[in-house]
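Hi there,

Here is the structure I promised to pass on to you. Have a look at it first, and then read on for my notes.

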Amino acid sequence: MKAAGWFAAVATALSITSCIKDEAPNPEADILSLAFPENSLRTKDVEIYNDYVVAYPRPHVNLRDSDIVHIELSAGATCRRVANPAANDTLFYIDVTSESRQYTKRYSVTEVVNFPSHFGFETWHRPTAGYLYENPKDGALQWYSSNNGVAIAWNSPGKPAQDYPVRRGTLSGSMAVELRTMEGPGNIAGVMYIPCIAGSVFLGGFNALTGLTNPLRSTLFGVPFNSGKPLKLTGHYLYTEGTGDYILPDGSRDKTKTDRCDIYAVLFKTNGQVQFLYGDNIDSSPQIIARAKIRDEDIRTNELTFFELDFDYDSFPIPFSWDELKSNVYKITIVCTSGRRGQFYEGRPGNTLTVDNLNLIYDVSGI
């Protein structure tokens, strides 16, 4: 069944179902799952975020005109596929209308064909229409950041983008990403306590459903990578230490404790159980193949600094395999943060890390 006919069938079936319900119509308008034909993707599934679907097609697969063989929506919702006439990485859109007919959400369905080797942070994107914060985007590859979680914690749709911990910055006259450690909102409706927020960007995704209940599992580190064997991560940064007291996870303050920024990349192997790394295992997962990480003793303050980080393969038990690389089981993430322990909601407010011109250097001799 072609996409248009399939969507019409889904809409009709869901409309019939909604007519026999007694409860109030559901106001949600979400895509819960979506699938393209078998063997068309390099990953197990597409990645679905708030209003954004990411697909990683296999070489020479045309997803723009491909059928969607399965889609699951919020209870009672209907949807329609909308073509994108522009020649860019957005394949098409899906408009989802809630059962109550009060809400419609437009999802962009985007493909990532090639992993970029250079990240210049020149393009920025508002991930959620209801909030003003931005995240950088390089080609079709969307960066995620602590802004995604902060928006949930603050719940302030009108807050300007420049007031978030991740925002546009400049280095040597060109656009860059600026990361700041800030005081947090404190107690959030009795659900959790956030005394401090570090600015961070990373390649991967974000699970809003666990943003408050299990924040260490809300950051989804890793995007598919089959371009080569990573050798180095290079770039430029400017780091300024904060002058405030160090804030601990319980909200107490330590005037003597210092903080550090962090820049690193991790290559890891996926399997049926492991599709991402998380805030609680990004440093310790047995699936890690290699890591490139800046050392504390090499971090300079208050000066524009070039860095070159070598990938360490010797410290991890899983060996690199060209065959596994080509079979699309590897993922990679790059992480930059203004606070070394920001995932635990601690740090030194005022810490600021500005990063630009990241380059991933890799060997292609085995491809």
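Which residues line the largest cavity? Before I answer, please keep in mind that this is a predicted model.

**The cavity**

The lining of the largest cavity is made up of Glu47, Tyr49, Val54, Tyr56, Val112, Ala140, Leu141, Gln142, Tyr144, Gly204 and Val223. Strand β11 supplies the largest share of them, three residues. Sorted by class, the lining has eight nonpolar residues, two polar ones and one charged one. The volume of this cavity is about 50 Å³, and a search of the whole structure turns up one cavity of 30 Å³ or more. If you wonder how such spaces are found, rolling a probe the size of a water molecule over the atoms shows where empty space is left.

**The largest pocket**

Next come the pockets. The largest one has a volume of about 1100 Å³. It is lined by 39 residues, and the closest to its centre are Ile48, Tyr49, Phe206, Asn207 and Ala208. Two or more lining residues come from each of β1 (31-35), β2 (47-48), β7 (104-111), β11 (141-145) and α2 (146-154). Helix α2 gives the most, with three residues. By class, there are 20 nonpolar, eleven polar and eight charged residues in this lining.

**The second largest pocket**

The second largest pocket holds about 620 Å³ of space. Among its 35 lining residues, Ser200, Thr219, Gly342, Gln343 and Phe344 are the closest to the centre. Elements that give two or more residues here include α2, β15 (192-197), β16 (200-206) and β25 (330-337). Helix α2 again gives the most, this time with four residues. The lining divides into 16 nonpolar, 13 polar and six charged residues.

**A charged residue to look at**

Finally, find Asp51 in the loop between β2 and β3 (52-55). Is Asp51 buried or exposed? Asp51 is buried, yet it has no salt bridge. The nearest side chain of opposite charge belongs to Lys105, 6.9 Å away; a salt bridge would need the charged atoms to be within 4 Å. Leaving aside neighbours within four places in sequence, Asp51 is in contact with Lys105, Arg106, Tyr107, Ser108, Pro127, Thr128 and Ala129.

Enjoy exploring it, and write back with any questions!

Best wishes

Definitions and conventions:
Residues are numbered from 1 along each chain as its sequence is written. This is a predicted model: local features need pLDDT of at least 70, side-chain atom pairs count only at pLDDT 80 or more; totals for chains, interfaces and linings use all residues. Side-chain values use heavy atoms; hydrogens and water are left out. On a 1 Å grid over the protein atoms alone, a cavity is a set of points where a 1.4 Å probe fits but cannot get out, and a pocket is an open set with protein on both sides within 12 Å along at least five of seven lines; lining residues have an atom within 4 Å of a point. Grid points are joined across faces, edges and corners, and a volume is the space filled by probe spheres set on the points. Ala, Val, Leu, Ile, Met, Phe, Trp, Tyr, Cys and Pro count as nonpolar, Asp, Glu, Lys and Arg as charged, and the others, Gly among them, as polar. Buried means under 20% relative accessible area, exposed over 50%, partly exposed in between (1.4 Å probe, protein chains only). Lys and Arg count as positive and Asp and Glu as negative; His and the chain ends are not counted. Contact means heavy atoms within 4.5 Å.
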